[in-house]
Amino acid sequence: MFSKKQYDYLRFRDALLSGIIFSYDLPEYSRSNESLNTVESIINTFYFPAWLIGFIEAKGCFSVYKQREDYFVASFDISQTRGDIIIPAIRKYLSFTPTTTYYYILG
């Protein structure tokens with residue numbers, strides 16, 4: 001996992017390893033705003049290429065549209081709510097430049 005959802009997984013794992021079965025036995029929890037990863041750590045993870053394929057399958061959109069009578073535009077779009085670390089990592093991995101890549105961070 002590369003997003004802040006990793007915190008949720010770690011909490012789940014710790015609860016299972018601690019023998020917690022019922023939700024009322026869980027300690028208070030608040031997800032941190034700090035990322036557990038950096039752009040470089042994401043890109044250098046051995047499974048990132050395979051993860052990226054799945055991410056594009058789920059969140060990607062390829063399209064071609066006619067902007068003018070003689071001018072077509074090819075587009076590749078991805079999005080991720082609170083993707084403040086994931087989207088820049090994908091951008092760097094795919095070598096997109098600021099002039100060819102536009103993205104919005106929601107959340």
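Student: Does Ser95 count as buried or exposed?
Tutor: This is a predicted model, and the accessibility is computed from it. The cut-off for exposed is over 50% relative accessible area. Ser95 has a relative accessibility of 58%, so Ser95 counts as exposed.

Student: Which residues of helix 4 are buried?
Tutor: Buried means under 20% relative accessible area. In helix 4, the residues that count as buried are Ile86, Ile87, Ala89 and Ile90.

Student: Why do the buried residues of helix 4 line one face?
Tutor: The buried residues in question include Ile86 and Ile90. The view to take is the one down the axis of helix 4. The buried residues line one face of the helix because they fall within an arc of 160 degrees.

Student: What covers the buried residues of helix 4?
Tutor: The buried residues of helix 4 include Ala89. Ala89 is touched by Ile42. The cover over the buried residues of helix 4 includes helix 2 and helix 3.

Student: Which residues have the most contacts inside the largest nonpolar core?
Tutor: In soluble globular proteins, nonpolar side chains tend to be buried together. Here the largest nonpolar core has 14 residues. Helix 2 (39-43), helix 3 (48-59) and helix 4 (86-93) each give two or more residues to this core. Those with the most contacts inside the core are Ile42, Phe48 and Ile90.

Student: What does Ile42 touch, not counting residues up to four places away in sequence?
Tutor: Ile42 is one of the residues with the most contacts inside the largest nonpolar core. Leaving out residues up to four places away, Ile42 touches Phe2, Asn37, Phe48, Ile85 and Ala89.

Student: Is Thr45 buried or exposed?
Tutor: Thr45 has its place in the loop between helix 2 and helix 3. The C-alpha atoms of Thr45 and Phe2 are 9.9 Å apart, although 43 residues separate the two along the chain. The relative accessible area of Thr45 is 17%. The cut-off is under 20%, so Thr45 is buried.

Student: What pattern does the chain follow along the sequence?
Tutor: The secondary structure comes to four helices and two strands. Read along the sequence, the pattern is α-α-α-β-β-α.

Student: What is the radius of gyration of the chain, and what does the globule rule give?
Tutor: The C-alpha atoms fill a box of roughly 65 × 25 × 25 Å along the principal axes. The chain is more spread out than a compact globule, because its radius of gyration is well over the value from the globule rule for 107 residues. The two values are 18 Å for the chain and 13 Å from the rule.

How values were computed. Residues are numbered from 1 along each chain as its sequence is written. This is a predicted model: local features need pLDDT of at least 70, side-chain atom pairs count only at pLDDT 80 or more; totals for chains, interfaces and linings use all residues. Side-chain values use heavy atoms; hydrogens and water are left out. A nonpolar core is a set of buried Ala, Val, Leu, Ile, Met, Phe, Trp, Tyr and Cys residues joined through side-chain atoms within 4.5 Å. Buried means under 20% relative accessible area, exposed over 50%, partly exposed in between (1.4 Å probe, protein chains only). Contact means heavy atoms within 4.5 Å. The arc is that of the directions from the helix axis to the C-beta atoms. The radius of gyration is taken over C-alpha atoms; the globule rule is 2.2 Å times the number of residues to the power 0.38.
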